[in-house]
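Q: Please take a close look at one residue in this structure. What does it touch, and how is it placed? Then carry on along the chain from there.

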Amino acid sequence: ALPISNFCHVDLDCVINIEDCTSIYRVPLLLQQAKVVPFFQKRLNLDISSPKSRTFLYKWRDLANRFDRARDEITIAIVGKYTKLQDAYISLIKAVRHAALAVNRKLNLVWVEAESLELDCQEKDPVAYHGAWQVLSSANGILVPGGFGCRGIEGKVLAVNYARKKQVPFLGICLGFQAAVIEF
């Protein structure tokens, strides 16, 4: 903290040291240890009083510990159209991560390009076709998210068909659920 204080011309008590941690869930606990709230109360003359904060941090600590202790892995295949731009599915990723945490599982997301499941791909790119089916068949669950346009629809329908016939847990969202209706 001292070198940062010196080189940045900042008071030493204004430097907050947050070390690397096992997960993002540990950051609020580190901020509490660094006494950030009292610092801002004093520095900004704020009246921050929260009688529930102690209870909340116990629950938060439990959440962080559950994340660190999760050992049983669950693999969910996301069959989508925008798998090269995973940020397109960020809300789904976060929701599935939190769901896995709620049941004490370590989440392993695998990505399957919907077009790679289609029969056309078997002729054009057999390596991608077989690879996509191998990834899909090794998953414990299948998530088919939304999308726009007709590209990849056949692959999504095939993924839904696979999930239904092999009794693999399936969640279709938006266009993914429409693919389930088409498949049925």
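**A valine and beyond**

A: V96 touches I76, L107, L109 and L143, leaving out residues up to four places away in sequence. This is a predicted model. V96 sits in helix 5, which covers residues 90–102. Is V96 buried or exposed? Its relative accessibility is 18%. Buried means under 20%, so V96 counts as buried. How far does V96 lie from G149? The two are 53 residues apart in sequence, and their C-alpha atoms are 25 Å apart in space.

The backbone of N104 deserves a look. Its phi is near 55 degrees, a positive value in a residue other than glycine. Most residues other than glycine have a negative phi. N104 has 37% relative accessibility, so it counts as partly exposed.

N45 can be read alongside. Phi of N45 is also near 55 degrees, again positive in a residue that is not glycine. N45 belongs to the loop between helix 3 (36–43) and helix 4 (53–69). With a relative accessible area of 70%, N45 is exposed. The cut-off for exposed is over 50%.

N17 has its place in the loop between helix 1 and helix 2 (27–33). N17 counts as exposed because its relative accessibility is 59%. Its C-alpha atom is separated by 27 Å from that of H98, and the pair is 81 residues apart along the chain.

Now helix 1, residues 2–8, which holds S5. At 7% relative accessibility, S5 is counted as buried. Where does its side chain reach? The side chain of S5 comes to 3.3 Å from the backbone nitrogen of L12. L12 is also among the contacts of S5: with neighbours within four places in sequence set aside, S5 meets V10, D11, L12 and V15.

C121 is in helix 6, residues 119–124. Its relative accessibility is 10%, so C121 counts as buried. Which residues does C121 touch, not counting those up to four places away in sequence? They are E115, S116, P126, A128 and Y129. K84 is 37 residues from C121 along the chain, with 17 Å between the two C-alpha atoms.

That brings in helix packing. Two packed helices are described by the angle between their axes and the distance between the axes.

Take helix 7 (residues 126–137) first. Helix 7 and helix 8 pack at about 40 degrees, and their axes are 11 Å apart. That angle makes helix 7 oblique to helix 8. Helix 7 passes helix 8 in a right-handed crossing. Which residues make the contact? Helix 7 supplies W133, L136 and S137, while helix 8 supplies L158, A159 and Y162. By class, the contact of helix 7 with helix 8 holds 5 nonpolar residues, 1 polar residue and no charged residues.

Helix 8 (residues 153–166) also packs with helix 9 (residues 175–183). Their angle is about 65 degrees, with the axes 8 Å apart. Angles of 65 to 115 degrees count as roughly perpendicular. Helix 8 and helix 9 are therefore roughly perpendicular to each other. The crossing of helix 8 and helix 9 is right-handed. On the helix 8 side, the contact is made by I153, K156, V157, V160, N161 and R164. On the helix 9 side, it is made by L175, G176, A179, A180, I182 and E183. By class, the contact of helix 8 with helix 9 has 7 nonpolar, 2 polar and 3 charged residues.

Helix 7 against helix 8 is oblique, whereas helix 8 against helix 9 is roughly perpendicular. The contact of helix 7 with helix 8 has no charged residues, whereas that of helix 8 with helix 9 has 3.

Back to the starting point. V96 is buried at 18%, with I76, L107, L109 and L143 in contact.

Technical notes: Residues numbered from 1 in each chain as written. Predicted model: local features only at pLDDT ≥ 70, side-chain atom pairs only at ≥ 80, totals over all residues. Heavy atoms only, no water. Axes fitted to C-alpha atoms, helices over the stretch in contact; angles between N-to-C directions. Helix = DSSP H or I, 4+ residues; strand = E, 2+ residues; numbered from the N terminus. Parallel < 35°, antiparallel > 145°, perpendicular 65-115°, else oblique. Left-handed = near helix turned anticlockwise from the far one by under 90°. Contact = heavy atoms within 4.5 Å. Nonpolar A, V, L, I, M, F, W, Y, C, P; charged D, E, K, R; others polar. Buried < 20%, exposed > 50% of the residue type's maximum accessible area, 1.4 Å probe, protein only. Polar contact = N/O pair within 3.5 Å; in protein donor to acceptor, adjacent residues only side chain to side chain.
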